[in-house]
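Student: I'd like to go through this model with you, starting with how its parts are named. Could you give me the ground rules before we look at details?

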Amino acid sequence: ETKTRTFTVAARPDRVRVEMNPATDSWGYNKMWVTDGCSVVLYESSTPHVLQGKQSFVEYTIDWSQCGSVQVDLRANTMNLPKAATSDEVKVQFYVNNAWTKAMDFVPSAKPGESVGRVFNLEAFPAQARLVAMNPDQDTWGFTKLWIQDT
């Protein structure tokens, strides 16, 4: 019998821990996987893994690199104020697989009230993103919302 459960998380996790109360129950399984657009098998064997007694938990590392590259859409809404616009380039870096990517072009410029964005190809879904202003002493950019989504 296959049991599934869906969880909503802020970003792709890099580990999963399954825990139970060994005083009241035991549990055996022969396959465990996670899915987020693609499936990553955490454990698979003809011999079940059993949680019981002193071994009441198991932890697996999730290797999302098996899924290949992903496309993410980074978007921003520029504030609707004259000084919120920018005429200078803004770059972005993503934190993927425990490292920051090189700075990539994000916004060449933005007008007040303009929604801007770009699609990026990354090795995996990023845990973080940071914006890099190319001329912070001469120009500013104000935005009301910044978000990322997979495509």
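Tutor: Helices and strands here are DSSP runs numbered from the N terminus, a helix being a run of H or I with at least four residues and a strand a run of E with at least two. This is a predicted model, in which local features need pLDDT of at least 70 and side-chain atom pairs count only at pLDDT 80 or more, while totals for chains, interfaces and linings use all residues. Residues are numbered from 1 along each chain as its sequence is written, and side-chain values use heavy atoms, with hydrogens and water left out.

Student: OK, where is Asn 97 found?

Tutor: Asn 97 is in the loop between β6 and β7, the latter covering 99-100, and Asn 98 is found in that loop too.

Student: And what about phi of Asn 97?

Tutor: Phi of Asn 97 is near 55 degrees, which is a positive value in a residue other than glycine. Asn 98, also not a glycine, has a positive phi of about 65 degrees.

Student: Does Asn 98 count as buried or exposed?

Tutor: Asn 98 counts as exposed because its relative accessibility is 61%, whereas Asn 97, at 41%, counts as partly exposed. The cut-offs, with a 1.4 Å probe and protein chains only, are under 20% relative accessible area for buried and over 50% for exposed, with partly exposed in between.

Student: How much space lies in the largest pocket?

Tutor: The largest pocket holds about 1300 Å³, and of its 33 lining residues, Thr 4, Arg 5, Phe 7, Trp 33 and Val 34 are the closest to its centre. About 290 Å³ lies in the second largest pocket. Each volume is the space filled by probe spheres set on the grid points, which are joined across faces, edges and corners.

Student: Which element gives the most to the lining of the largest pocket?

Tutor: That is β2, with 9 residues; β1 (15-19) and β11 (143-150) also give two or more.

Student: What does β2 pair with?

Tutor: β2 pairs with β3 in the antiparallel sense over 8 bridges, where pairing requires that DSSP finds at least two bridges between the strands. Met 32 has Tyr 43 in β3 as its bridge partner, and in the hairpin of β2 and β3, with 3 residues between the strands, Gly 37 takes a positive phi near 90 degrees. The C-alpha atoms of Met 32 and Thr 2 are separated by 9.7 Å, although the two are 30 residues apart along the chain.

Student: Now the core: which residues have the most contacts inside the largest nonpolar core?

Tutor: They are Phe 94, Phe 106, Phe 120, Leu 122 and Trp 141, in a core of 32 residues. A nonpolar core is a set of buried Ala, Val, Leu, Ile, Met, Phe, Trp, Tyr and Cys residues joined through side-chain atoms within 4.5 Å. In soluble globular proteins, nonpolar side chains tend to be buried together.

Student: What does Trp 141 touch?

Tutor: Not counting residues up to four places away in sequence, Trp 141 touches residues including Ala 76, Thr 78, Phe 106 and Val 116, contact being heavy atoms within 4.5 Å. Ala 76 stands opposite Val 116 in β9, and 8 bridges join β5 to β9, which run antiparallel.

Student: Why does Thr 78 count as buried?

Tutor: Thr 78 counts as buried because its relative accessibility is 4%. Thr 78 lies in strand β5, its bridge partner in β11 is Phe 143, and β5 and β11 run antiparallel, joined by 7 bridges.

Student: Last one: where is the place of Arg 118?

Tutor: Arg 118 is in strand β9 and counts as partly exposed, at 37% relative accessibility. Leaving aside residues up to four places away in sequence, Arg 118 touches Val 72, Asp 73, Leu 74, Arg 75, Asp 105 and Phe 106.

Terms used. On a 1 Å grid over the protein atoms alone, a cavity is a set of points where a 1.4 Å probe fits but cannot get out, and a pocket is an open set with protein on both sides within 12 Å along at least five of seven lines; lining residues have an atom within 4 Å of a point.
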